[in-house]
Amino acid sequence: MHPPRYRAKSTIAHYAVPRNMESGHPSGLTSSALEVLGWRQHCDSTATALRWGGTAMSIQLNHTIVHSRDKAASAKFTAEVLGLPAPFPFGPFLCVRTDNDVTLDFIDVDGEITEQHYAFLVSEDEFDEIFGRIKDRGLSYWADPHHRQTGEINTNDGGRGVYFDDPDGHALEILTRPYGSGS
Ligand SMILES: [Fe+2]
């Protein structure tokens, strides 16, 4: 299991894409699945309820707030590295919209910023493009959420994944296969 600081993190990939929850209970958990065991159990039970409960539901994550020191810089960084459209303003926020219509709403805050985790499910081609931009920018990257495997990517679930930080220290992740989908 990972340190407690990772347990309460919200993730785009884990919560925003309903299809991620359709793989059912994994028979053999990978290390990445163990990383989010708590989330997986929640998602699996929810998915099971949706499949067998007979109740049509359409709940989707719509937006989340990202604390930043410089929302313009941070939103621009995320949009550019991920290859998403340029940020757009909404009230006090600068918003970056993902392809499943979730927006990351960046806002400037004073005081300490608590690190959060945002994971993005991408295609293999998109992984190549994004990973290329990570390397072009000279960003540090890791194969694991604990930042132990520096300069490496992982191949969890038969796909590829990598972690990197945004300007405020939020832990970003791209992965080509949802956690547990390869088991
Ligand atoms: Fe993650």
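Entry 1, burial. I started with the overall count: of the 183 residues in the protein chain, 37% are buried. I note here that the model is predicted.

I looked up the secondary structure next and found five helices and seven strands in the protein chain. Along the sequence they are arranged as α-α-α-β-α-β-β-β-β-α-β-β. I then checked the contacts between residues at least 6 apart in sequence, and 63% of them join residues at least 24 apart.

I asked which residues of the largest nonpolar core touch the most other members. They are Leu 104, Phe 106, Phe 120, Val 162 and Tyr 163, in a core of 27 residues. Helix α4 gives the largest share, five residues. As background, I wrote down that nonpolar side chains in soluble globular proteins tend to be buried together.

I picked Val 162 from the core list and looked up its contacts, leaving out residues up to four places away in sequence. Val 162 touches Phe 131, Tyr 141, Ala 143, Ile 153 and Ile 174. Ile 174 in β7 is also the bridge partner of Val 162.

Entry 5, strand β7. I asked how many residues of β7 are buried. The count is five of the five, so β7 is largely enclosed by the rest of the structure. I went through the two faces separately. Ala 171, Glu 173 and Leu 175 lie on one side, Leu 172 and Ile 174 on the other, and all are buried. I note that Glu 173 is among these buried residues.

I checked the pairing in both directions. With β5, β7 pairs in the parallel sense over five bridges, and Ala 119 has Glu 173 as its bridge partner in β7. With β6, β7 pairs in the antiparallel sense, over five bridges. The hairpin of β6 and β7 has five residues between the strands, and in it Gly 169 takes a positive phi near 85°.

I compared the span of α5 (residues 124–136) with expectation. Its 13 residues reach 18 Å from the first C-alpha to the last, close to the 18 Å expected at 1.5 Å a residue. After α5 comes Gly 138, with a positive phi near 70°.

Key
Residues numbered from 1 in each chain as written. Predicted model: local features only at pLDDT ≥ 70, side-chain atom pairs only at ≥ 80, totals over all residues. Helix = DSSP H or I, 4+ residues; strand = E, 2+ residues; numbered from the N terminus. Buried ≥ 20, exposed ≤ 12 C-beta atoms within 10 Å, placed from the backbone. Contact = placed C-beta atoms within 7 Å. Core = buried A, V, L, I, M, F, W, Y, C linked by C-beta atoms within 7 Å. Expected span 1.5 Å × (residues − 1). Pairing = 2+ DSSP bridges.
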